[in-house]
Amino acid sequence: MLETIKQTADYIRSQVDEMPKTAIILGTGLGALVDHIEDKKYIPYSQIPNFPVSTVEGHSGNLIFGRLGDKKVMAMQGRFHYYEGYDMKQVTFPVRVMKALGIETLFVSNAAGGMNKDFIVGDIMIITDHINLFPENPLRGKNYAELGPRFPAMTEAYSHELIGLADKIAEEKGIRVMHGVYVGTPGPTFETPAEYEYFRIIGGDAVGMSTVPEVIVANHAGMRVFGVSVITDLGGKEVHDVPTHEEVQKAAEAAQPKMMEVMRELVNRS
Ligand code: HPA
C-alpha cells in the first residue's frame, strides 16, 4: 500500500512543476469550477499508475492542476463511488495520494437528497458532520502509522474554521446556505420514503452516495476538510417526488453558479 501510494505520487510529481496544498473533489454540482481554473494541466486517470478509472455517466476522469484565483489547486474531475464496484481502498486511494503530494486542505462537493423539512431543491448545504452508513470503513484492515492513527477521532471531521469562513462569504454575497449532517449510503438505489424518514430521525439532513469515505481518510491523514452538498431532490413520507439521475444532474447544474461563487472565494481565502 505505501509503495503503491509513493509510486503514484512520484508519477504525478514528475508531471507537475509546483505542488498545491489545496485539493478539490468536484462532485455533481461543482464540475464547472474547472472553467475557472487557470493554467490548467490535465492528467487523465487512465495515465496515472494505480489509479482506478471513473465509469459513471456525467463524471469524466482527470486530475487537474492549476490556479483558482491566486491559489494553486489540484482538482479531481470525477470521483470513484462505492456503488460502481470499487472497494473502499480504491475509493479513497486518491486522497492517500493527495496527502503524499503535500495536500493540507480538501474541499469536497456532492449532490444529495434533502430530508430536512426546511430544505428546498437547489439549496446549498454546508456539511457540518456526517453519519457513515457504508457497510465498510475505509480504514478497516492493517493500519500504517505513517498514514495516520489506528483510532482517529472524527470530532471535527469538517473544519469549523472553514465552515465559519464559508458562512461569512455566503452572507457577503447574499447566498442562502443551509447547514446539515450528511448521511453517506452505499447506493445505488435512492431511498424509500421510509428510509428518508429514518435518516431524518437519526439526525441526517441530506443523504448521498459519496464523500464519507474520502472525508474519513482525509481526517485520518490529518487534512482539513470542507464539504458541501447541493440538494437535488427531497425525500420523506409526505414527499412524492421520484428522483432520477437526470433530475439530480439538472438540479445540480441549476445550483452550480451559487455553489461556485462560494467555493471559489472560500478556496482563495482559506
Ligand atoms: N439519495 C441518495 N443519493 C442522492 C440523492 C438521494 O436522494 N440525491 C442525490 N444523490
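Here is a short tour, stop by stop.

This is a predicted model: local features need pLDDT of at least 70, side-chain atom pairs count only at pLDDT 80 or more, and totals for chains, interfaces and linings use all residues. Residues are numbered from 1 along each chain as its sequence is written, and side-chain values use heavy atoms, without hydrogens or water.

**Stop 1: the core.** Select Ile 12, Ile 24, Leu 63, Met 98 and Phe 226. These have the most contacts inside the largest nonpolar core, which has 80 residues. Such a core is a set of buried Ala, Val, Leu, Ile, Met, Phe, Trp, Tyr and Cys residues joined through side-chain atoms within 4.5 Å. Buried means under 20% relative accessible area, exposed over 50%, and partly exposed in between (1.4 Å probe, protein chains only). A second, separate core has five residues, including Met 115 and Val 183.

**Stop 2: Ile 12.** Leave aside neighbours within four places in sequence. Ile 12 then contacts (heavy atoms within 4.5 Å) several residues, among them Met 19, Ile 43 and Leu 63.

**Stop 3: Ile 37.** Is Ile 37 buried or exposed? Ile 37 counts as buried because its relative accessibility is 3%.

**Stop 4: Leu 133.** Look in the loop between β6 (124–132) and α3 (160–173). Leu 133 counts as partly exposed because its relative accessibility is 31%.

Note on methods:
Helices (H or I, at least four residues) and strands (E, at least two) are DSSP runs, numbered from the N terminus.
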